[in-house]
Amino acid sequence: SYVLYIKPLFKDETIVLVGDQNPFSAQCSLLLSKATLNGKDGVMAILGPTRMNYNQNIGLLNYSKTLLT
């Protein structure tokens, strides 16, 4: 079993886990961002290849969060 501790997410922060930092696969990257819907906190994430366009996908996460509010 794999246990991952991620520091608490703040409203405008995105955490990027690349390679071995990512609990899913060393060949992937994981982008995590806090999202709030109807007053409840949750997490939005993108799982993709390590060679993904990080700036574009962080922007996509941030834009998606604005659609929820």
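A: Let us start with one residue of this predicted model. Leaving aside its neighbours within four places in sequence, asparagine 57 is in contact with Leu31, Ile46 and Met52.

Q: What makes these count as contacts of asparagine 57?
A: The word contact requires heavy atoms within 4.5 Å. Leu31, Ile46 and Met52 are listed as contacts of asparagine 57, so each of them has heavy atoms within that limit of asparagine 57.

Q: Why is asparagine 57 called buried?
A: A residue is buried when its relative accessible area is under 20%. Asparagine 57 has a relative accessible area of 16%, and because that value lies under the cut-off, the residue is called buried. Across the protein, buried residues make up 26% of the 69 residues.

Q: Where in the fold is asparagine 57 found?
A: Asparagine 57 belongs to helix H1, which covers residues 54-68 and packs on the sheet, where it touches S1, S2 and S3. The direction of helix H1 makes about 20° with that of S2.

Q: In what order do the strands of the sheet lie, and which of them are edge strands?
A: The three strands form an open sheet in the order S1-S2-S3, with antiparallel pairing. Strand S1 (14-18) and strand S3 (40-49) are called edge strands because each pairs on one side only.

Q: What makes the link between lysine 34 and aspartate 41 a salt bridge?
A: The rule asks for a side-chain nitrogen of Lys or Arg within 4 Å of a carboxyl oxygen of Asp or Glu. In this pair the closest N and O atoms are 3.3 Å apart, which is within the limit, and therefore the link between lysine 34 and aspartate 41 is called a salt bridge. By this rule the count comes to one salt bridge.

Q: Why is lysine 34 called partly exposed, and why is aspartate 41 called exposed?
A: Exposed means over 50% relative accessible area, and partly exposed lies between the buried cut-off of 20% and that value. Lysine 34, with 24%, falls in between and is therefore partly exposed, whereas aspartate 41, with 55%, is over 50% and is therefore exposed.

Terms used. Residues numbered from 1 in each chain as written. Predicted model: local features only at pLDDT ≥ 70, side-chain atom pairs only at ≥ 80, totals over all residues. Heavy atoms only, no water. Pairing = 2+ DSSP bridges. Helix = DSSP H or I, 4+ residues; strand = E, 2+ residues; numbered from the N terminus. Axes fitted to C-alpha atoms, helices over the stretch in contact; angles between N-to-C directions. Buried < 20%, exposed > 50% of the residue type's maximum accessible area, 1.4 Å probe, protein only.
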